[in-house]
Every structure is written in C-alpha cells, then in structure tokens.
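The following paragraphs lead the reader through selected parts of one protein structure. Please keep the sequence and the model in view while reading.

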Amino acid sequence: MPPGPDSNLRVFIRDQTLAVLGGILKDAPEIWSVRYFGARTDTDEFSLDDLRFVLGHYLAGIVGRMPLRAGETLPQAEEAAFQEICRELIAQGMLEGVFPEIADRMYRLRLVPKPFEENWQFVRQLPGGGQSRAMEVRHWVSGKMGVLKLLLETDDERDREVAQVRFRRELETLGSVDHPAVVKLLESNGEPGRGQLGYVTPLGVPLETYWNFEAKLFTPELLYDQAARLVLRLAEGLAAIHGAGLVHRDLKPDNIILYGRDPAIIDFGLVTRADYAAQGVTDLHGKQIGNGFNPAAVYGLADGDPRRDIAGLGWLFGYLLGVPVGGRRRPQRFHWQFHDMVEEPRREQARAILALCASPKNIPRSTRDFVEMLGRLGLAASAVTPAAPGRASTEAARNEHAQSTAAETVRRALASDESALAIQLFAAPLAALRDELRTRCDRRDNLPIVQWEQAGDHDEEHFFLFATAQLPMAEVMGVAQQRVGDGADPAAVGLQCFFYCHCGDHRRFRVSAWINYRRPSASEGLPFELRLICAPEFNESTPWEEVSYVLQRDAQFRNASSATVESVPEIARRAEDWCFDPKHWRRLRSSAVDATTAP
C-alpha cells in the first residue's frame, strides 16, 4: 500500500473530486465515451474507474499535463489520495453502490446526505471550503432554490467536538436574529444522530456578481445612491445582530448576498458574543482566524467588539464605490487614503468614512452612529429632505457642511497616520538617543551637571510639562501630537521635552532635547521634529546653541540646516560638547561677576 498522501495534496484532490462530482465537466465533449458525465442527476451510474478518468482529465487542465488514457491510474501520491477519498465518500454514503453484490461496483451520487435528502435535490457544488462545504440544492416539491452548508467530518474526536459546538452556535444565531437583511434558515440539523450537521438557506446572488453587473448601468450619482442604499440596509441587519448581543466578525463582500435588490448578511461561522474578550478566535488547530478584507484597524479590537463589524461596513462602502480594474470590482483590502473611487462630488465624503474606519479610536461605536455619520456627510439618501413650502432650502448649506466635515475628518486621519508612522519609525531611536544623552551629559570631573528625572520634583516647570525620564518614547511623541490637537490653528505646534540637564550651581545653563510636532504638510519629512537646545536659564528664551533635525520617511535624522544625516551618537555628542564647552561655563562666571558688581 502506498504511503498516506500529504495533507495539502489530499485536500487538493478532495476539492477537485468534489468539483468533478458536482458537475464541473458535465458538458465536456472529450469525456463522452465514459458513462459518467458529471452528475447531471443523482441517478447517473458510474464506476470509480470512470471517476478517475474524468478527474485525470480535469487535473490535466489544472496542472498542465496529458490526460489519462483508459485504464491508467493517477501519479502515485495522487492515486493514494484518490483511493482514500473514495473510501471516505463511500463510508459517508455520498457514493452509493448500485449492485453491492458485484465486485466491479457501479455507484450513484448521493451528495445530499441525510436528513436533507428527504426534501432537497443536489444541483451543483459551490466554491469554498475550510471546515464546511456548500452546494446549491432544489426543493423536491416547491422547486425553491437553496444553499446547503454541511459541516465536514473529521476523525479527531476533540476537533469534531469543537467544530460541532461552533456549528450549533451558528445555527442558534441564525435562529435568533429575525431581520430581512440577515439570511433565514429553511431547514437545519444540529443533532449528529439524525445525520450530517448542516442547514439550508435561500439561494441568492453574491454581492460581487450582482454589483459588477448592476454598477455598469449606473451614473456616478446613482452609483453612490445605490451603494448607500445597500450599506444602510446592511446597517439595519447589523443593528439586529448587535441587539442580540452578537458580533458577526467576518463582514465582507463574500458574505453578502442579494435577494432581488435587497442585501442580506450570511455566513455566521465566526460569530461571537459581544462580551467575548479572548485574545483571538482560532480554527480547530489553534490558527488565528482573520478577515483579509477588513481594515487592519479591527485587529486592534477585542473579538467581541461590535466596531469590528462597523469598520467592515465602512470598508464595504468603499468597495462598492471603487473604480473597476479590468472591468471588475474585486473584494480586497485597500488603503483608505489611496483607494481609487469613482469620481463624484461626494467622493471625499466617502473617503472620510474610510478614514474613520481605518483607526480604532475613530470607528463609530454603533450602527446608529455610523448611519448618523453617513447623514452628516451627505451620503445617506434619507438625509436629504425637500424644503417645506415657504421655507428656504437647506440643501446647499448641508452640502457645504458635509464637505467641510469630510475635509476635517480626512485631515485628522492624515495627521494620525503620519504621527503613527513617525512613532513606529522613531520611538526606538529616540529612546536610544535619550539613553545616550544621559550617559554623555552626566556629572563628571566635579562639574555640577544635574539631570532632571522626575516630574514630581515640581521644579523646572514640572520637567517641562511632565515628561518624566521613565515615560515611554511613543507616549512622549503622542503627547506632542495631542498638544497640537484638533484646533483650527494650522500653525499650532506641540513641544515636548524628553531630556533635560542644567549645568552650574546658582547661575546655570541648560541642555535639553525636545520633540516638536507640527501638522502634516506637503513636505517629504514627517511632521515630527527633534530639537536639541543649549540655552540660558529656563525663563530666558534665547538659546545659545540650537540645532533641528527632521524625522524623515527614510527612518533617519536629517539636519534641518545642512540636510546631512546624523546618527544617534553624533547627535548626543553635540549635546555633550555643549555641556562641557568652556565658553558656556565662562558665561556663567561672567554673569556671576556682573551680579556681584551691580550697584
């Protein structure tokens, strides 16, 4: 017996076998000579040799090789996987023997397992996978079309228990949330004793399919209106989900379907309670489960935080408004600042929604807040109402206000992005600089050079507004940014001292290092700036020596005057030179003499 197949190969062969059984080659003329034509109905009869032949034909097109000839087997590892999968399908009753007493058995397809086979007929296999598989089915009596989702079997008892618990939770969710924008159950089974675990929901049109067709017919104005209509409807469904104390956690275009023109949320496989605060929902084998569509901001939130869904809803809005690439809009992650959206007067308002949903601290806290924000930005159709007779129209004023709100939202998001990037690039180098300054600018050779370490000393203006030596550098940079704040003054700056020493006894001078934050501009440099100052006493403003460094996007300190790059030791040495420069100490002596001889 050949060795067991590699798990990845086994999954691949299983998926392709199910695709063939699902009818993917049912119209291929090249395989007309075998009795199996790809499950036109579940009464077709075929042998495993027939199935292997058709599978080999299909695999040849995928991996680029010659199809099998009659009587040939697959390559060794693929054949081992094929044999194992056939045994599994037979054991599960999906391949049912026609004449059990005959050795060269013929099979019929039974892709719809118990208990669903009583009411539903197999139509075709649907894409997807993971811990479940799905198929399109038709009701035997009514003809109603549905989607049957089945939990895959596993031999591991622990994995099976965990998967069943999650599947029952998904069933409970679908049964507890009653809203037109949330998919409904048509039939379900949560008891292993009755057959395979699964459920049936109405068949709809995937959002990506629907939108790529519909959007071609829209003017830009209608595109924005219809996108808002869909998003507002989905917000209602999310409100019902959150009202039940649940978080969907996987909101993306793949999990939205359309019934006619009405959207509905599907796939509650990752649903969790809103008060759940674990470090991350995982799959059966402990691997972190994520959503490759949602903004990265959601991964800074707890699993049970409803803002995960609201951020996904904002990103969904951006997807609907995106410019097609190659004629299609594809659901993929993007950057809020550079996402290419259809040109329309409300484009920047829509970008403001993306900006809000790109930062955990700015994501609207509830669906109600999200809808209200759409209204304030002039993006919700319900926000526009005709003026009452005899009263002035407010539409123009609302538009102006919406544009102003959007511009301010985008500006804040840009500032936040810039400062976050600067902190990421420079928090560690600045912390290293602070350590280097402490080492170099210390009391040596009986010189009175004292470093201020604690804000609690209540001297030197509380170490220049509470920048203790122990404060993490990322927080120091954040404080500087907060000092600029959200005020209207575009010239506002945020100064924050992170190193300070004074030199001398009564008369003294100081050497200090500061973070200087300015609002982002069109310059290449990041808005944070490092200032190194040698100056007289604190209450005297004219420095003796001063040099500024721009914190560049290339992660280097660039001298603002000479444009040369300087290293942390070079900058610290400059401060050291100032501390021990005789001319500064000579100034102290001159000041002391002047003070004693003054009349």
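Predicted model: local features only at pLDDT ≥ 70, side-chain atom pairs only at ≥ 80, totals over all residues.

From helix 7, the residues G314, W315, F317 and G318 take part, and they meet A350, I353 and L354 in helix 8. Sorted by class, this contact of helix 7 with helix 8 comprises five nonpolar residues and two polar ones, with no charged residues.

The geometry of this pair may now be considered. Two packed helices are described by the angle between their axes and by the distance between those axes. Helix 7 covers residues 307-320 and helix 8 covers residues 347-356; their axes come within 8 Å and cross at roughly 145°. The crossing of helix 7 and helix 8 is left-handed.

Helix 6 (residues 220-243) packs with helix 9 (residues 367-376) at an angle of about 160°, and the axes of the two lie 9 Å apart. Because angles over 145 degrees count as roughly antiparallel, helix 6 is roughly antiparallel to helix 9. Here, too, the crossing is described: helix 6 passes helix 9 in a left-handed crossing. On the side of helix 6, the contact is made by V231, L232, A235, L238, A239 and H242, while helix 9 contributes T367, F370, V371 and L374. The residues of this contact between helix 6 and helix 9 fall into eight nonpolar and two polar, with no charged residue.

Strands of a sheet pair through backbone hydrogen bonds, in either a parallel or an antiparallel manner. Strand 1 and strand 3 (residues 107-109) run antiparallel and are joined by two bridges. Within this pairing, F46 has Y107 in strand 3 as its bridge partner.

Is S548 buried or exposed? Its relative accessible area is 18%, and since buried means under 20%, S548 is buried. Apart from neighbours within four places in sequence, S548 is in contact with E529, L530 and R531, and also with R558, N559 and A560.

Terms used
Residues numbered from 1 in each chain as written. Heavy atoms only, no water. Axes fitted to C-alpha atoms, helices over the stretch in contact; angles between N-to-C directions. Helix = DSSP H or I, 4+ residues; strand = E, 2+ residues; numbered from the N terminus. Left-handed = near helix turned anticlockwise from the far one by under 90°. Contact = heavy atoms within 4.5 Å. Nonpolar A, V, L, I, M, F, W, Y, C, P; charged D, E, K, R; others polar. Pairing = 2+ DSSP bridges. Parallel < 35°, antiparallel > 145°, perpendicular 65-115°, else oblique. Buried < 20%, exposed > 50% of the residue type's maximum accessible area, 1.4 Å probe, protein only.
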